[in-house]
Amino acid sequence: MQIKMAGIDYVHASIAQREAFALTKAHAAAMAKELVDSCGLDGCLILSTCNRTEFWISGAEQLPLSQILAKALPLFQPDYARFFTERNGKDAVDYLFRLACGMESQIFGEDQILGQIKEAASLARSSGSMDAVLEVLFRTAVTGAKAVKTQMKLTSDSHSAAEAAVALLKQVHPSLLGQKCLVIGNGEMGRLAARALVEQGADVSITLRAKGRHQNQDAIIPAHCSVVDYDQRVSLLDEFSLIVSATASPHCTLKWEEVAPVLQRPHVFLDLAVPRDIDPRIGSLPGVSLFDMDHLGLQHTVKPDILQQAEQILRGYQEEFIRWYEFREFIPQIHEISQAVAKDATLRLDKHFRQSHPEWEQNAYDAAKKAVAKLVYGLKETLPVPLWEPCLDALKQAVRPKE
């Protein structure tokens, strides 16, 4: 099976190591297309989230995967290569299905990864780097994950980084009721964090850039949140006891040299971004507690029977994909069989319809070809895999013109 993945994630690398390979959505899509064009790949998809950056590749590429990564990532040198994990074939397929369910997440069972996978697939599709194999693989994995989440609840604990962040903040402030909180960033993670804090009764403000004020703020700013101009985030910082930053910026949103003169009382900072938004040196300031994504990594328990049921559901979808993948090699034979039957059918009908319906021949040929192809493709659903090849060989012999 010509499917490979290689990636760096929270299991083998710290946030400081992961952030060196974090990619924006636009950068990931452009890079995937460049690798397809320059490395002879059939398809490439790059998934970059707070906890992982992964390269998914299909095709019999000529370059070793390590060389492809080195081409894409200048920092992929021996010092960093040891943090990357490579999976091939069915191991990669199994991992993706578990990943889509949140089973490989820092927060077990989290829901956000499913949306991130769907978005990465959409970007690869738009950029032209998605081939049929990755298309069907990712679509089937998403469908399988949805089936699991519809039929069962993997864990009763927090299902998102934002909820886990609130749980962490409550360890510092057992009651968040009335606590003044500033959320920097109104993207998906920022909005999720703001809503979770509001649900705890916190007094939440969220930043908005000046140009964003011309947009529909009801669609951007969660209910019951005040708005702070992004450019005033540092000057107003001391008014808030809790500060959460969750932007997609490649640079720090809070720098030590700007923040240090402003703080006059204790504060808790929580950085939910990768690359990190908050200068790590801020954590050394008097009265400051600084947390990042790696502090949210508590693995939640799940009942063995629930996990077994979820894995059984996923296994059915994996087998569906594998059968589709393995049947692909017979497509040329199916075309040959369907064309031969269609040609024979039109010849048999020719003398009856040619003069009264001149256009009938092409229509009949197309219809017969599609009908036969549908019939033969259906074999993969009912016929045992070892019988695929002999059955198709027999059909080819049966439709071959007699000499």
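**View 1. Seven aromatic pairs are counted in this predicted model**. Rings of Phe, Tyr and Trp (its six-membered ring) pair if their centres lie within 6.5 Å; planes under 30 degrees apart count as stacked, over 60 as edge-to-face and the rest as tilted. One of the pairs is Trp56 with Phe138, edge-to-face, at 5.6 Å centre to centre and 85° between the planes. The partners come from distant parts of the chain, 82 residues apart: Trp56 sits in strand S3 (residues 52-58), Phe138 in helix H7 (residues 132-151). Helices (H or I, at least four residues) and strands (E, at least two) are DSSP runs, numbered from the N terminus. Both Trp56 and Phe138 are buried. Buried means under 20% relative accessible area, exposed over 50%, partly exposed in between (1.4 Å probe, protein chains only).

This is a predicted model: local features need pLDDT of at least 70, side-chain atom pairs count only at pLDDT 80 or more, and totals for chains, interfaces and linings use all residues. Residues are numbered from 1 along each chain as its sequence is written, and side-chain values use heavy atoms, with hydrogens and water left out.

**View 2. Phe321 and Tyr325 form a tilted pair**. Their ring centres are 6.1 Å apart and their planes meet at 45°, so the pair is tilted. Both residues belong to helix H12 (residues 304-327); being four residues apart, they are separated by about one helical turn. Phe321 counts as buried, at 1% relative accessibility. Tyr325 is buried too, with a relative accessible area of 13%.

**View 3. Phe21, Tyr80, Phe83 and Phe84 form one aromatic cluster**.

**View 4. Charged side chains lie over ring faces**. The criterion is NZ of Lys or CZ of Arg within 6 Å of the ring centre and within 35 degrees of the ring normal. Lys180 lies over Phe240, 5.1 Å from the ring centre. Arg233 lies over Tyr230, 4.0 Å from the ring centre.

**View 5. Six strands build an open, parallel sheet**. The order is S7-S6-S5-S8-S9-S10. Strands pair if DSSP finds at least two bridges between them. Strand S7 (226-229) and strand S10 (288-291) are the edges, each pairing on one side only. Strand S9 (residues 267-271) and S10 share four bridges in the parallel sense. Phe269 stands opposite Leu290 in S10.

**View 6. Helix H8 (residues 161-172) packs on the sheet**. H8 touches strand S8 (242-245), S9 and S10. Contact means heavy atoms within 4.5 Å. The direction of H8 makes about 160° with that of S9. Axes are lines fitted to C-alpha atoms, for helices over the stretch in contact, and angles run from 0 to 180 degrees between N-to-C directions.
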